[in-house]
Amino acid sequence: MVFEKSLTAMVKGIRAHRGNESEYIQACITEIQKEVASKNMSTKSMAVLKLAYLTMLGYDMAWATFAVVEVMGTNRFATKRPGYLASSISFTDQTDVGLLTINLFKKDFGSQSQYESGTAINCLSNICSAEISRDIMTDLLSLLSSSRAYLRKKTVLCLYRIFLKDPPALRTCFPKLKDRLGDEDQGVLTATVNTFLELARKNARNYLSLVPQLYHILVNTQNNWLSIKLLKVFQLLSPLEPRLPAKLVEPLTNILNTTKAQSVEFEAIRCVVRSMPEGSAIVALAIEKLQTFLNSSDRNLRFLALDLYKEVVEKFKEKTSLKDLHDKVLTSIEEPDLTVRRVALQLLDRIVDPSNFQEAVQRLLEFSRKATLNDEFIGTILRMAARDRYALVEDFAWYLLILGEISRNMDSSYAATVAEQFVDICVRVPQVRPYAVTLALGLLDTPAEAERDSISVCTPMVAACAWLLGEYSGDLEKPSEAAFLSGAKVLLTSRSIQALDAATQTQCIWAASKLYLAVPEHAPSTVAQLHELLCSQLPSFVRSTHLDVSERARLALNIANFYKADAQSLQSAKGLVAEQLLPVKPDAQAQVPVSVDLDEPFFVIEEARPSFMPVRADPTDPYSLASTYKDDLGFASEPNRAEAPQSTAQGVPSSSMYYLGKSDERAAAEQAQEPSVPEVKDPLAQMRERLEAQRNAGAPKYQVMRDDVTAPGATPTPDAGQVPSSSSTATLPIPPEKELTDLQGRLWTVCHRGEHLAVYVCIRSPNLRKRQIRLELRCERLCAPELLVSDVALRFPSAAHVQEADASGRMLVVGSLQERSSKVKANLDSAPFLWPGVFDLRCELEYLVKSASSEAAEAQSLPIQLRFPATTFLAPQPMSEDTISDYVSSKSDLLGHQTAQALSFEKTADLSSLVGRCAGLCHFHGIQQAVSPQSQDMKFLLVGAVQPPSAATLEGQRAAPTGALVICRCAALVRPSGLELRITVKAFQQ
Amino acid sequence: MINFILLISRQGKTRLKKWFVPCPERDQFRTIKEVSSLILNRSPKVCNFLEWRDYKLCYKRYASLFFIACIEQNDNELLALEMVHHFVECLDRYFGNVCELDLIFNFHKAYYILDEILISGELQESSKRAVLHHISEQDPLI
């Protein structure tokens, strides 16, 4: 007989052997191994139970799986139960002995005792696999309609786990499961709703059919658990069924107003926030309730409210209670709880606006000084500021100062981001540069440096400051001699610079050289000193072990040796660094279309046409596009600019599409600056005073260049879905529709002139929506008065469907034709006219002729042709110049053919409105392109889209390729004799 | 849906572990270690929810025991806490002023009670009386 230890004895033993428990437990396990092999089932069962206890302490029991199954199969509930317990603790769906359990489940499901079946179901929910599920599905189905609510409830809940393992089972069970929604037992009902909730989380659409039943339950239940589950289901369903939110208003309001359970109330608020449309009364009620949660003394509720507010702020734009929220969030940020703090920071990120941004940043900065883990705060500051290209920042000088303060923290993981923003702001905001350069100098030249001989800002910031100092030295406060000197000194002399990484050293060297190159213009008296400084300091960099530092230092040294200390010759070198830098999109290079194909000839040789001359700087031609952009950047007017005195403000000509700054504002900003107080030691404090002074003198207006420079020929990514409208192109003034209709009404053409009568036609604009085109027809008598012409009809080909036509065609004149008939309309189905070319529609003209003498009328039938101009069925295609050039470069196969024409006009005063009128009549979208301001020439681009394909076609019509466009460019050249208009049409076919 | 329930003592000892989603034992131990170190280190002043991997942990301390429920992102945290409390109340009524030692020596009873309250991670019985009734009916069978 094996010695048998009870569970209590074992637990007591473990507790008694504190210190060497594992030894004792090993001994126990050896014992259990013997007990498991015993024939006595209660011994075996106890052994399994003890093992189950030991697994909690971290001991493996995988070796005993077979014994567990054996114990599960015993007849007595008392011995069986530990087996089920152990298997649900330690088995998974992968356990191979799991298949042995199938018969046990079958047996126990049919047991007399509901507890035996219940225990089995509990275990099944844990260890079920697809194989087990397939074998016991019928047993489960019968359990679903068991007479015992206890078992129905367990089965319904267990089924969800089974569906996960064996998805086809859902189909089998669905009808019976759905019936459970009408179960009279509350527990079963809750369980069923629960299972449907989990199923709806996987695929809500499938359960829309249950809405009426679920709604009925929601309205009638008082059960909190059930209400919460239902509210969750409705959150999932209401986005899929537009009528649902309106239905839910009443029960939700009811719950919000009456429930005493906070979990139900919270769930109802969440349901309202997620499923109700903005602006409804119930949303206001829910937000009001949420407010009380936010002010609750329970920190769990506060956290949940904050978390939900994130969704509220995102979904509802109304800012009613935001002021209050803002304070609340700021206090929550201070909470020691990291979870709350993180949520609060995320929320702050969303609710901040320019009016409270400064306050928020100040608070964050304060917390970051106090907290040990302050990166979160700094990260939030940077993220908020950078959003939408600094949309929140109103005072850039202030923000730069903040960045300066942050950069004092040497080991922040955001150091690189701080430096990046520092530079980026200076590049984008010209007005802040004077302040920024002084700040940069201050940051580099801290007094602390003299004492500790180390720079007290983080390395990336050193590089950023160096770059700023070099690039915008012209913005240093005048007189800038001292600043130039100290700048160059700090960049070159401090020993700590040489301890920094190679890239930063290179930056510093080059910045110093740029100071030297700029010195004759801004601080002529210090040329000699700077030159001397360079010559004395650079050699130590030349000896640097970093190759690129050495190389850059050598280059700088050579420049210094070449120009010497001679201000005159140095003046000529300023061209080296004269070009201003603009913000460049990070992916600008990637946007340049790869258009150069080595096999492609550079110039497509076209047949010489007498009237054709190539148009200069054609924007639709990718090769010559560059020249237009050059014009935008002012290269065409380069000679003029060279004569004008150079100044940084004019570095970007105001005609450029990327220029946003105004030079007069900048001047105002400069004037507003006060000289700094030299006594203050800390440069940041100094800069802070300066900021104050600047503010007192009237805050400068900052303008941010939010556009990035993209490469020529690349399409700028449209911001916020808008087609970017650059200042250089303008949409042609297409006359209003009424004017066009009037014009069209005057354009009558003769389509038949015969022996007896003439037919005139006027073609109106097609109705794109109805796909119809209206023709107006008129007849005129030409024959002698003794002949009587009557009953004129026009018979259209069968494919061209005419609304007003009857069997004999469209009657133009009923009865006899007098001098001229009145206008007759015919609405033609325009769908079959697919081909954007001149098209002749063959019709038959039928009429009766009767001479005065003869009795009988003679029927006449003549073929006539209605001619539709090529542009009749085009549709104006609103595009910008850039999208057109994009189209031209990407869809060159659709623009394979080109025709050209030149016309001469008398000079007209308003050519653009004339072209606009033509474009309107011919269904084009027109834009006017910019040309250099000197010339009086004008350029226009007209775009029209061909009809989309349709099923019906007419004889002689073919479908055009999808997306094909017809592009016309017109160049109006001013000649002494008059105006020459050159029109080139590009399309997929002649 | 609850993914797992853990009862951890202040010393970091597991008193009950129940996974409702199949999980290999090795991962269970790793999770227990990770979760208990997370929760035991939280100050009593902070809130009872924390995000962990893709889940949320809702926990509450009763005397020397931490009751931890791991729920999914879109579950109701308050409901999870209520569920935990419901479990604690059932234990309390069953053992009569329950303490940690009761759960150590009768760990299987705690499991049986839990099995009457939760199945496949969902609440099946919200009435304490019904739970105790079912348990007391099963007790004589043992």
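Is the crossing of α7(A) and α5(B) left-handed or right-handed?

Reply: The crossing of α7(A) and α5(B) is left-handed (near helix turned anticlockwise from the far one by less than a right angle; right-handed if clockwise). The model is predicted, with local features needing pLDDT of at least 70 and side-chain atom pairs pLDDT 80 or more, while totals for chains, interfaces and linings use all residues. Residues are numbered from 1 along each chain as written, chains are lettered from A and ligands numbered from 1 in the order written, and side-chain values use heavy atoms, without hydrogens or water.

On the chain A side, Q114(A), Y115(A) and T119(A) of α7(A) make the contact, and on the chain B side H133(B), H134(B), E137(B) and Q138(B) of α5(B) do (contact: heavy atoms within 4.5 Å). Sorted by class, this contact of α7(A) with α5(B) has one nonpolar, five polar and one charged residues (Ala, Val, Leu, Ile, Met, Phe, Trp, Tyr, Cys and Pro are nonpolar, Asp, Glu, Lys and Arg charged, the others, with Gly, polar).

A helix pair within chain A can be set beside this one. Helix α9 (residues 149-165) and helix α10 (residues 168-179) of chain A pack at about 160°, with 10 Å between their axes. That angle makes α9(A) roughly antiparallel to α10(A). Here, too, the crossing of α9(A) past α10(A) is left-handed. From α9(A), V156(A), L159(A) and F163(A) meet A169(A), L170(A), C173(A) and L177(A) of α10(A). The class count for this contact is seven nonpolar, no polar and no charged residues.

Chain A as a whole contains 39 helices and 15 strands. Of its 990 residues, 53% are buried (under 20% relative accessible area; exposed is over 50%, partly exposed in between; 1.4 Å probe, protein chains only). Taking the contacts in chain A between residues at least 6 apart in sequence, 70% join residues at least 24 apart.

K50(A), in helix α3 (residues 41-56), is buried, with a relative accessible area of 1%. Beyond residues up to four places away in sequence, K50(A) touches K5(A), S6(A), L7(A), M10(A), E31(A), I32(A) and E35(A). P245(A) lies in helix α14 (residues 244-258) and counts as buried at 12% relative accessibility. With neighbours within four places left aside, P245(A) contacts S238(A), S275(A), M276(A) and P277(A). The C-alpha atoms of P245(A) and V272(A) are 8.7 Å apart, although 27 residues separate the two along the chain.

Chain A also has an open sheet of four strands in the order β2-β3-β4-β7, with antiparallel pairing (strands pair if DSSP finds at least two bridges between them). Strands β2 (749-753) and β7 (824-829) of chain A are at the edges with a single partner strand each, so one side of each has no neighbour in the sheet. From one strand to the next the twist averages 30°. Strand β4 (residues 772-781) of chain A and β7(A) are joined by six bridges, and I773(A) stands opposite L828(A) in β7(A).

Elsewhere in chain A, strand β8 (residues 839-851) has antiparallel partners: seven bridges join it to β5 (residues 787-795), and eleven bridges join β8(A) to β9 (residues 858-868). L848(A) of β8(A) is the bridge partner of S790(A), and L848(A) in turn has A859(A) as its bridge partner in β9(A).

In chain B, five strands form an open, antiparallel sheet in the order β2-β1-β5-β4-β3. Its edges are β2 (14-19) and β3 (49-52) of chain B, each with a single partner strand, so one side of each is without a neighbour in the sheet. Direction ignored, neighbouring strands of this sheet are turned by 20° against each other on average. Five bridges join β1 (residues 2-9) of chain B to β2(B) in antiparallel fashion, with I5(B) opposite K18(B) in β2(B).

Key. Helices (H or I, at least four residues) and strands (E, at least two) are DSSP runs, numbered from the N terminus. Axes are lines fitted to C-alpha atoms, for helices over the stretch in contact, and angles run from 0 to 180 degrees between N-to-C directions. Angles under 35 degrees count as roughly parallel, over 145 as roughly antiparallel, 65 to 115 as roughly perpendicular and the rest as oblique.
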